[in-house]
Amino acid sequence: MLGHQPHRPRPQLGINLLRHETHPSNSQRCGIKPGAVHYQEFNPTQLDPVALARQARDMGARYVIVPTKHHDGFCLWPSRFTEHTVAPTPYGEDIVGQFVSAYDAENIDVFLYFSVLEWTNPDYVEHAPHTDDERRRFDRFLQYTRNQLLELTERYPSIKGFWFDGTWDESWSREYEFTYALERELRAAVPGLIIGSRFRADEHGSRHFDSTGRLLGDYEQGWERKLPPSFELLEGHDWDCVTSIPPNGWAYLKNIDGLYLKTADDLIDLLMRCRSMNGNLVINFGPDGQGRIRPEENEIAAALAQWTRTNEDAIYPGRHVPIPRTPLGHLTRSDRTLYLTVVNRPVNDIVRLTFPKDSSEVPVEARILGTEGQVAVRHTDIGFDLDPYTYYDIRLPHDFTSTHAFVIAMTLGDPPHRAAHLMDAAM
């Protein structure tokens, strides 16, 4: 397979604004006749991209995923290639353009969400075209898709990447020559453009990874509402986890009765689990038909903003640490500082970390981010026979309290001494 030099996404927290309610955005698959999308009523008069961009900045987001169109095909920009756009609606404004401008002003990278699949497009075919008519129709659809994607790069040249969806049907996955050529066109239109592994399949129909095991795209996108079980499984690839606040609600949900909504604590835990494996977390926020964010989501955004401000050193430069994991929380490292995000505080206030006995760097000082002063560090040589590890304890002050996860920052230095071989057990 021909390839390209990958572009590495920046480590970050992301925001996903999927998907604006279009009264309704559904199809025959959801029990609504195709073409019955009442987009003529679309008028989100309370949508404020500038305020949302400031909220994302305060939360610590380094990039956002802005919707251009979902599976209903309704375009949130005035596309030249279809009438099914925001242009003839009562609102009439270019929503995508407003968001790109607002996030650019806050120095937040913009990725454009784009659904290839269109429920209401008569030229779309789910299966591989069988007849001449299906082939003609789907060829028109392919050209239409190409036109729209190149149009987006022309209108919004400051974007950093595309986030593709609806690429799983056989009709699209078999068009490997078309999608490979289109990917090269998009990269030529926007130098440095980032495209994830969802976009295309190889000539054998393999998605995300080609038939030889090579990643298709710049980063791995297979982790929707789930996390890799181990860092080693990722084999060094960049990746993101996209998740919703309800169990699986990506648009605005009018009725959330009985649904568990993820808390700020849940999302902090997910964020730092991602960062401990060099991944990004993307959190979905779904505005309603007026452009308003649900009050519960605003509360979550405010809590995340406060937490990320206090603990940003552990998040953004923080990377994976090749030492044993701890059930107390998540480890990241930047230069000679080791960070532990404590999500499970020990009842005895002793935070014990495990290091190989031959480690050249171990904790020598520690402090809790957001507090004054240092906390005690002690080398603990337990003396387990044939144990390749040694242990370091950080003693938390008994009067220290926290309502959320907290971060211990540890300065790494030379080991004070090596573990002594006092007496080897005879087996």
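1. **Basis and confidence.** The structure is a predicted model, in which local features need pLDDT of at least 70 and side-chain atom pairs count only at pLDDT 80 or more, while totals for chains, interfaces and linings use all residues. Residues are numbered from 1 along each chain as its sequence is written, and side-chain values use heavy atoms, with hydrogens and water left out. The mean pLDDT (the predictor's confidence in each residue, from 0 to 100) is 89 for the protein, and 88% of its residues reach 70 or more. Over residues 1–12 the pLDDT is below 50, although this stretch has 39 contacts in the model beyond near neighbours in sequence, a contact being heavy atoms within 4.5 Å. Residues 18–37 also have pLDDT below 50, and for this stretch the model shows 60 contacts beyond near neighbours in sequence.

2. **The four-stranded sheet.** Helices (H or I, at least four residues) and strands (E, at least two) are DSSP runs numbered from the N terminus, and two strands pair if DSSP finds at least two bridges between them. On that basis, an open sheet of four strands has the order β9-β10-β15-β12, with antiparallel pairing. Its edge strands, each pairing on one side only, are β9 (329–334) and β12 (362–368), and the twist averages 25° from one strand to the next. Within this sheet, strand β10 (residues 337–342) is joined to strand β15 (residues 406–413) by six bridges, the two running antiparallel, and V342 stands opposite F406 in β15. Helix α6 (residues 264–275) lies across β9 and β10 and runs at about 45° to β9, where axes are lines fitted to C-alpha atoms, for helices over the stretch in contact, and angles run from 0 to 180 degrees between N-to-C directions.

3. **The three-stranded sheet.** Another open sheet, of three strands, has the order β11-β14-β13, again with antiparallel pairing. Here β11 (350–356) and β13 (376–380) are the edge strands, each pairing on one side only, and the twist averages 25° from one strand to the next. Seven bridges join β11 to strand β14 (residues 389–395), which run antiparallel, and V351 stands opposite I394 in β14.

4. **Helix packing.** Two packed helices are described by the angle between their axes and the distance between the axes. The axes of α1 and helix α7 (residues 295–315) come within 7 Å and cross at roughly 40°, which makes α1 oblique to α7; angles under 35 degrees count as roughly parallel, over 145 as roughly antiparallel, 65 to 115 as roughly perpendicular and the rest as oblique. The contact is made by Q55, D58 and M59 on the α1 side and by N298, A301, L304, A305, T308 and R309 on the α7 side.

5. **Salt bridges.** With a salt bridge taken as a side-chain nitrogen of Lys or Arg within 4 Å of a carboxyl oxygen of Asp or Glu, the count comes to 23. In one of these, R57 pairs with E106, the closest N and O atoms being 3.0 Å apart; R57 is in helix α1 (residues 49–59) and E106 in the loop between α2 (95–105) and β3 (109–115), 49 residues apart. E151 and R80 also meet in a salt bridge, at 3.7 Å from N to O, and because E151 lies in helix α3 (residues 132–155) and R80 in the loop between β2 (61–69) and α2, the pair ties together parts that are 71 residues apart in sequence. E151 is buried, with a relative accessible area of 1%, whereas R80 is exposed at 57%; buried means under 20% relative accessible area, exposed over 50% and partly exposed in between (1.4 Å probe, protein chains only).

6. R155 is partly exposed at 36% relative accessible area, while D94 is buried at 17%. Elsewhere, E183, R187, R200 and D218 are linked in a network of salt bridges.

7. **G249.** This glycine is placed in the loop between β7 (239–243) and α6 and counts as buried, at 5% relative accessibility. Leaving aside neighbours within four places in sequence, G249 is in contact with S244 and N284. G249 and G286 are 37 residues apart in sequence and 8.4 Å apart in space, C-alpha to C-alpha.
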